[in-house]
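I opened this model to go through its fold, core, disulfide and ring contacts. These are my notes in the order I looked things up.

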Amino acid sequence: VQLQASGGGLVQAGGSLRLSCAASGSIFTINDMGWYRQAPGKQRELVASISSRGSTNYASSVKGRFTVSRDNARNTVEVQMNSLKPEDTAVYYCYADLIVRDTPYANVYWGQGTLVTVSS
């Protein structure tokens with residue numbers, strides 16, 4: 001199983017970016033998907049998550065600015081990030097809590113990380 005993230009880059013404060021992540025491989029089902037981020041010198045924190053039924057959860061710092069979505073048929077998750085702030089600068093990691101075919105348990109898989117830099 002692999003998760004491939006894309007869409008990071010450099011943007012000015014107030015701008016927007018859209019991150020995408022695709023899960024591939026021998027996947028039976030995916031439970032939650034979403035995004036974490038890690039800024040320099042800080043712990044990794046949850047940004048947004050979405051369940052298989054579409055229930056979402058956001059960090060308080062991004063509510064109203066970020067929107068997470070997923071396509072269950074394509075095993076993809078995206079986050080639309082608007083009104084970006086310099087404090088949003090971090091490496092963003094997608095994840096998927098999924099069950100591999102012919103295995104009984106769910107495990108969390110991670111993408112490779114994509115850097116988002118917001119300049120002031």
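The entries below run from the whole chain down to single residues.

**Ground rules.** I am working with a predicted model, in which local features need pLDDT of at least 70, side-chain atom pairs count only at pLDDT 80 or more, and totals for chains, interfaces and linings use all residues. I number residues from 1 along each chain as its sequence is written, and side-chain values use heavy atoms, with hydrogens and water left out.

**Fold.** Helices (H or I, at least four residues) and strands (E, at least two) are DSSP runs, numbered from the N terminus. Along the sequence I read β-β-β-β-β-β-β-β-β-β-β. The radius of gyration is 14 Å, close to the 14 Å of the globule rule for 120 residues, so I note the protein as being as compact as a globular protein of that length. That radius is taken over C-alpha atoms, and the rule is 2.2 Å times the number of residues to the power 0.38. I get a C-alpha trace spanning about 50 × 25 × 20 Å along its principal axes.

I then checked contacts, meaning heavy atoms within 4.5 Å. Of those between residues at least 6 apart in sequence, 56% join residues at least 24 apart.

**Burial and core.** I count residues as buried under 20% relative accessible area, exposed over 50%, and partly exposed in between (1.4 Å probe, protein chains only). Buried residues are 40% of the 120 in the protein.

Which residues have the most contacts inside the largest nonpolar core? I find Trp35, Phe66, Met81 and Tyr92, in a core of 32 residues. Such a core is a set of buried Ala, Val, Leu, Ile, Met, Phe, Trp, Tyr and Cys residues joined through side-chain atoms within 4.5 Å. The elements giving two or more residues to this core are β1 (2–6), β3, β4, β5 (45–50), β7 (66–71), β8 (76–81), β9 and β11 (114–119). Strand β9 supplies the largest share, six residues.

Leaving aside neighbours within four places in sequence, Met81 is in contact with Gly15, Ser16, Leu17, Leu19, Arg65, Phe66, Tyr92 and Val116.

**Disulfide.** I find one disulfide, taking the term as a pair of cysteine sulfur atoms within 2.5 Å. Cys21 is joined to Cys94, with S to S at 2.1 Å. The link of Cys21 and Cys94 is right-handed, with 55° about the S-S bond. Cys21 is in strand β3 (residues 17–24) and Cys94 in strand β9, so noted as a link between distant parts of the chain, 73 residues apart. Both Cys21 and Cys94 are buried.

Thr76, in strand β8, counts as buried at 13% relative accessibility. Not counting residues up to four places away in sequence, I see Thr76 touching Cys21, Ala22, Met33, Ser69, Arg70 and Asp71.

**Aromatic pairs.** I find three aromatic pairs. Rings of Phe, Tyr and Trp (its six-membered ring) pair if their centres lie within 6.5 Å; planes under 30 degrees apart count as stacked, over 60 as edge-to-face and the rest as tilted. For Tyr36 and Tyr95 I get centres 5.5 Å apart and planes at 70°, so this pair is edge-to-face. Tyr36 lies in strand β4 (residues 27–38) and Tyr95 in strand β9 (residues 90–100), so the pair ties together parts 59 residues apart in sequence.

The rings of Tyr95 and Trp110 have centres 5.7 Å apart and planes at 45°, so I record that pair as tilted. It links distant parts of the chain, Tyr95 in strand β9 and Trp110 in strand β10 (residues 106–110), 15 residues apart. Tyr36, Tyr95 and Trp110 form one aromatic cluster.

Is Tyr95 buried or exposed? At 8% relative accessibility, Tyr95 counts as buried. Tyr36 is partly exposed at 25%, and Trp110 is partly exposed at 37%.

**Charge over rings.** I count a charge as sitting over a ring if NZ of Lys or CZ of Arg is within 6 Å of the ring centre and within 35 degrees of the ring normal. The charged end of Arg44 sits over the ring of Tyr93, 3.8 Å from its centre. The charged end of Arg44 also sits over the ring of Trp110, 4.8 Å from its centre.

**Asn57.** My last entry is Asn57, in strand β6 (residues 56–58). Asn57 is partly exposed, with a relative accessible area of 40%. Not counting residues up to four places away in sequence, Asn57 touches Leu46, Val47, Ala48 and Ser49. I find the C-alpha atoms of Asn57 and Val47 separated by 8.3 Å, with the two residues 10 apart along the chain.
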